[in-house]
Amino acid sequence: MLLFFLLWQIPVVQFDFGEERYYLKEEGFALEWIHSVEKEEWLEFYERDEDQLLLTETKFKTYGAGVPSDGEIISSEDGFVHMKIGRSFNEMNLTVSENAQTTIKTPDKEIPLYEYTEDYESVTITIEFVDFWDYVRGNKL
């Protein structure tokens, strides 16, 4: 039984801040920030897809710099433009800023990434398979 727990690997979303790594066990999350030009809230929705991040949808208020042009518009009544994306990534490199209020959202919690690092530092987001023991001992968001 002990051998099982030592060898069992858990898929997680890993947030690598360089010297610190944090794990998110949830299968999906939203990345939220304030757009630097439009000054409007922007959300992207990601899911774990085996060993990749899958961007499923984006949600924003105004068209402008950085808005995808190839997504399918989803009807909504909440004041946001919803766009279905369906793009996979091996990793995502994100610059975190207090000005942009970069935040991870899950159904149970909000994680202000800008409180975990200095302004304009980078975080690399990947899907990793970690040993159960490392997960239990590691940093969880």
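A residue counts as buried when its relative accessible area is under 20%, as exposed when that area is over 50%, and as partly exposed in between. The model shown in these views is a predicted one.

View 1. With a relative accessible area of 34%, Y116 is partly exposed, whereas F17, at 15% relative accessibility, counts as buried. A search of the whole structure finds seven aromatic pairs. In the pair of F17 and Y116, the ring centres lie 6.2 Å apart and the planes meet at 20 degrees, so the pair is stacked. Because F17 belongs to the loop between β1 and β2 and Y116 to the loop between β10 (110-112) and β11, the pair ties together parts that are 99 residues apart in sequence.

View 2. The charged end of K59 sits over the ring of F80, at 4.8 Å from the ring's centre.

View 3. In soluble globular proteins, nonpolar side chains tend to be buried together. The largest nonpolar core here has 27 residues, of which F15 and F29 touch the most other members. Among the elements that give two or more residues to this core are β1 (9-16), β3 (28-34), β4 (41-49) and β11 (121-131). A second, separate core has five residues, including I10, V12, Y23 and V130. F15 and F29 also form one aromatic cluster together with Y46.

Technical notes:
Residues are numbered from 1 along each chain as its sequence is written. This is a predicted model: local features need pLDDT of at least 70, side-chain atom pairs count only at pLDDT 80 or more; totals for chains, interfaces and linings use all residues. Side-chain values use heavy atoms; hydrogens and water are left out. A nonpolar core is a set of buried Ala, Val, Leu, Ile, Met, Phe, Trp, Tyr and Cys residues joined through side-chain atoms within 4.5 Å. Buried means under 20% relative accessible area, exposed over 50%, partly exposed in between (1.4 Å probe, protein chains only). Helices (H or I, at least four residues) and strands (E, at least two) are DSSP runs, numbered from the N terminus. Rings of Phe, Tyr and Trp (its six-membered ring) pair if their centres lie within 6.5 Å; planes under 30 degrees apart count as stacked, over 60 as edge-to-face and the rest as tilted. A charge sits over a ring if NZ of Lys or CZ of Arg is within 6 Å of the ring centre and within 35 degrees of the ring normal.
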